[in-house]
Amino acid sequence: MTLKSIKVIAFLSIITFGINSINGQSFLKKKEIKAYKCGYVHKESFFSKIKPMKLISKAVGGLVKAGKKSDLEKTAAMFIYTSNIIPKSKLDFATKTPGWETCGDGIAAVFLNYEGVGLTDTDGDVLLNGTKIEKAGMGTYFQGFSPDKRGSQEIEVTSSSGDKINVTMQPAEPLEIISVNGIEKGGDIIIDGTKDLVIELKNGDADLDSKLYVEVITSAMSLKVQTHLFPSKAKNRIVVPIEAFKNYENSPLPIIKKNTLIVTRVKHDIVRNTDAGIIQKLSMYSDFTPILIKGDIAGGNLLKNSFSKDKNTNVSDGFKTVEGEYNVKITKGNPFSHPPVKMMKNVGIASFVIRGNLKKEKTTVSSSSTTNFNIKTTTTTTTTIKKWFPKLEDNAWQKLADKLYTKFANSLKNNNGINVIPVETVVKAKAYAEMKPILDTVTATFVEKGAGGTRRLLSTNFKDFWKDLKTTFPADYINEKLIQELNLDGLIAVTIDLDFDLESEGLNPKVKIMAFAPNVSFKTPAKYFEMDFSTDAKSLKSVNTYNALTGGPEDVVLKVIKGDELLNAFKLAMEELKKGEEKNPAYNRIWEERMK
C-alpha cells in the first residue's frame, strides 16, 4: 500500500467518522438512531414485550384499580402538557401511551386521593378539546398528538355528582440544546464523569418564571425511568457538577450507559378553589440528544449502589456519636434533596410543641405456696402501682415551652449565625391556618403546649402519621407554602415528647428536630436534616422541690428533662453536621449553582 493510498483512507475515515459523529452517533445502532427522528412511532419488539420486569410492571399496573369518586373534592388532580417528547423506546410504562411520537406533544391527567393515599379516579369522563380520552390505567389518562396541533388545550373532567373541572393548558416555551461539552447536539457526546458537564442552550432563558431540569435515564430493575439529574434556573448555560452523576433524584438506581440527555423546561402552577381538592398544572418542553455514559458513573446495580458511599452519598453514616447526656441520631440523605446547612440564613420555627404522658402504672403478680397436712396452698398477689408527675398549672407548662423555644432560637442565632424570624410572624401567615391543631391542655395524665401559639407539624407516632396522611403535591405541603409566603430559606419543627418514669419520677424526653428546605422541584421536597435526641430524665428528687428562690416550677421541669444538656447536644450535632458536609464536597458542589 502506497503512502498516497494510506492518506486517502485516513481522509475517508475522518470524513466517515465526522458523518457518524454529527448525524448519527457512532455508538448507536441504525434502529436506535431512527427512534430519535421526529415523528417516529415506536412499536415494541417481541423480546421487549417479554422482558420479565416489564411483564411484572404491566401485570401490576393492570391489577391496580383506582377507585372511582363522584366527589372530585376528594381528589388531587394533576394535568400535564408535555411538548417535544423524547422517543418512546427510551422509557418503560405500566400504563398505555396512545398517540406518543418522537417530538410530538401529549396531555396526561392523573388522579390521586387527596385524603389518604393511593390512586383514585373520576366516575365520569376526561375530555380533551371535547373528545373523551380513554383510560391509560392506574388512575391516569394520556393522549398524544402531532406537534402541528401544539397550542392551547382544553381539558374537562366530569363526575356523576355534577362536579366539573375545566382547565386550560398552554404549551411551555421551546428551548434547544446547542452543544454539550462543546460538542454540537447530534455529535458523539460521551460523558465519563471526569469533568463538569456544560450544556449550551438556545432560548433557555425564554421564560424566567420556569425552571429547567437536566435529565437522564436510569434503570429500575431493568425498567427505564426518566430521572432528574440537576435542576437549574431558566438560562442558556447550565453547568452540571460531576458529583451530580452520583447523587441524583432516583439514587441509587444505576444510570444506563446508552442514554438520552434531556433538558426540560417546566412551568408549574397550583390551582385551588375548584371542584377538585387541589389541582397541579405542569407545562413542559423538552429537547434531547443521545449520549454515551462511561466510567464509574454508569451501570452498577441497585444493591451495589445502595451501599456505595461514593455513588449514593449519605453523610448520616459518617457522624460520630455526640458526647453528652443525650443520645443523638443525625440523618442527612442524598445531596440532590438535602442542601448544606450554610444555606439556612433566614428561617422560621413553625412548630415547637411539648407534650407527654404524666402518669404511669405498673402491675406485678407474685405467688407463694405453703403446705400443711400434705395440702399445698398457693397464694397469688397482684400489686398495681400508680404514680403521677406533680400537677402543674397551664401557665407553668406554657412558660416551659416558651423558655425552651427562646433558648433554641438563640442557639440557632448565636452558634450557627441563622436569623430566626419572630414566631408571631410565622403563626399569622395565611398558610399557617392549615397546621395540625394541638390539644393545648394540661390534665393529671397528659400535657400538650405549643410555644408562642405554634401548632404541630411533625408526626412523631404512628397514630399521628396515619391521621395526617394525605396524597398531595409537594407545592401543597404546609412547610413549602410557609417558606414561599414568608420568603424563607427554611422552616424548622421541634416536637418534645415526655414520658413519666416510675423509678425516677422524672419525665424521659424524646426530641425530634426537622429542618425543611425549599422544594427541589415540583415533585421533590427537600430537607436540611433530621435529628433525634433521647435520654433518661433526672430524678425529680435530685432537682429538689419547687422553690421560688431557685425559679418557678417550669425551671424544675427544665432540669428534670435536661433542657440545657439538650441545647448543648444540638450545638454539637450541628457542628458534626457541618463537618460531615465539609468532608463530602458533593453537598456544596451540587448546590453551588442553585445558591446563586
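Visitor: Is arginine 589 buried, partly exposed or exposed?
Guide: In this predicted model, arginine 589 is partly exposed, with a relative accessible area of 25%. That value lies between the 20% limit for buried and the 50% limit for exposed.

Visitor: Which side chain does arginine 589 meet in a salt bridge?
Guide: Arginine 589 meets the side chain of aspartate 196, at 2.7 Å from N to O. The two residues belong to distant parts of the chain, 393 residues apart. Arginine 589 sits in helix 12, whereas aspartate 196 sits in the loop between strand 13 and strand 14.

Visitor: And how accessible is aspartate 196?
Guide: Aspartate 196 has 25% relative accessibility and counts as partly exposed.

Visitor: Which residues are linked with Asp196 and Arg589 in a network?
Guide: Glu243 and Glu592 are linked with Asp196 and Arg589 in a network of salt bridges.

Visitor: Changing topic, how many salt bridges does the structure hold?
Guide: The structure holds 31 salt bridges. One of them joins lysine 360 to aspartate 499, with the closest N and O atoms 3.2 Å apart. This pair links strand 22, which contains lysine 360, to strand 27, which contains aspartate 499.

Visitor: Where do lysine 387 and glutamate 505 lie?
Guide: The side chains of lysine 387 and glutamate 505 form a salt bridge of 3.3 Å, N to O. Lysine 387 lies in strand 23 and glutamate 505 in the loop between strand 27 and strand 28, so their pairing ties together parts 118 residues apart in sequence.

Visitor: Why can such side chains pair?
Guide: Side chains of opposite charge can pair when their charged atoms come close.

Note on methods: Residues are numbered from 1 along each chain as its sequence is written. This is a predicted model: local features need pLDDT of at least 70, side-chain atom pairs count only at pLDDT 80 or more; totals for chains, interfaces and linings use all residues. Side-chain values use heavy atoms; hydrogens and water are left out. A salt bridge is a side-chain nitrogen of Lys or Arg within 4 Å of a carboxyl oxygen of Asp or Glu. Helices (H or I, at least four residues) and strands (E, at least two) are DSSP runs, numbered from the N terminus. Buried means under 20% relative accessible area, exposed over 50%, partly exposed in between (1.4 Å probe, protein chains only).
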